[in-house]
Amino acid sequence: MENTAVRLIGLTRRFGTVRAVDNLDLTIAAGSTVALLGPNGAGKTTTISIMLGLSPADAGAATLFDRAPAEAVRAGRVGAMLQGTGFVSSATVRELVELARALYPRPLATDRILALAGLTDRAGRRLDRLSAGEAQRARFAFALAGGPELLVLDEPTTAMDVAARQAFWGAIREYAGAGNTVLFSTHHLDEADGYADRVVVLAAGRVVADGPPAQVRMLAGGRTVAFDLAGRPTDGLRSLPGVQSVEFRGDRVVLLTDDADATVTALAATGGFRNLEVNAANLEAAFLALTASGTEH
Ligand SMILES: Nc1ncnc2c1ncn2[C@@H]1O[C@H](COP(=O)(O)OP(=O)(O)OP(=O)(O)O)[C@@H](O)[C@H]1O
């Protein structure tokens, strides 16, 4: 088996003036579980869509197992669960699973698919009568049907309740544990933290952080130090102790730091400041700060 499941090189996709994906490089080793984390509009869905050969890139290249995406998908090596609307079909869950199995050369057994997706006791239910969370699980069953070596899941737990989420992540862990590769997008750091061995944070179409969950958690668990610039020079803020990134918001500056005490002490030594605020940086703040660090001046 190839060692690289996903390779994206210089991937770029623009919609008008929006750079949905901006010169993105990403390599995912076979057998790993990777979370793609990022705020709304970060480019997660567009990246996944290009990666699967469902939409074109303006520049760059995507390969899955060193082949063109469409070829890898046709060979049954890739299963995907995308964001979508409800089913309109009157077919049953079992019929959907059997239909999906027929598309692939080496499908999983129907009962195993139903069990992994938590749909064993819904097998006879019509698709158009499923709840939103069950429909999401039916999409998961469809993605699993071919026994893919790579599972790509775009915000998979949307609409699932707590019990369904737990069962879903249990199934993912089991599937990944068998040596398969899993890539999922999410807004929830806790999902990335609990189930991925690598977290890639996207913002404005670019990778702004990439590492083990603990490292990204540190960024999200840092603090922000904000104050009025009031004509103060902006040089050197990035090199203050603890500072991870610098963001300018009008006449205020927001520093993301992993050591607020050291940052504030050093800041005080360089002169006065007005309206100082020190806050716990939530994930959203970390995303914003990480995004801003690319445009720092
Ligand atoms: N078909 C399209 N036409 C125009 N703009 C688009 C299109 N698809 C995506 N975009 C824009 O590209 C950017 C990235 O969108 P994308 O859906 O990839 O982000 P995302 O990270 O998946 O967001 P979310 O978490 O909200 O699903 C956004 O600014 C979005 O508005």
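I began with Glu-155, which is buried, with 20 other C-beta atoms within 10 Å; I call a residue buried if 20 or more other C-beta atoms, placed from the backbone, lie within 10 Å of its own, exposed if 12 or fewer, and partly exposed in between. Its phi is positive, about 45°, although Glu-155 is not a glycine, and I found it in the loop between β6 and α6 (162-177). Helices (H or I, at least four residues) and strands (E, at least two) are DSSP runs numbered from the N terminus.

The model is a predicted one, in which local features need pLDDT of at least 70 and side-chain atom pairs count only at pLDDT 80 or more, while totals for chains, interfaces and linings use all residues. Residues are numbered from 1 along each chain as its sequence is written.

I then looked up Asn-275 in strand β13 (residues 274-280), where phi is near 55°, again a positive value in a residue other than glycine. Asn-275 is exposed, with 10 other C-beta atoms within 10 Å. Most residues other than glycine have a negative phi.

Next I followed the open sheet, whose six strands run in the order β5-β6-β7-β3-β8-β9 with mixed pairing; two strands pair if DSSP finds at least two bridges between them. The edge strands, each pairing on one side only, are β5 (78-81) and β9 (206-211), and the twist averages 15° from one strand to the next. Between β5 and β6 (residues 150-154) I noted four bridges in the parallel sense, with Val-78 opposite Leu-150 in β6. Helix α5 packs on the sheet, touching β5 and β6, and its direction makes about 170° with that of β5; such angles run from 0 to 180 degrees between N-to-C directions, the axes being lines fitted to C-alpha atoms, for helices over the stretch in contact.

Last, I listed the residues around the ligand, among them Phe-15, Val-18, Gly-43, Lys-44 and Thr-45, counting a residue as near if its C-beta atom, placed from the backbone, lies within 6 Å. The largest share of this shell, three residues, comes from α1.

Technical notes: Two residues are in contact if their C-beta atoms, placed from the backbone, lie within 7 Å.
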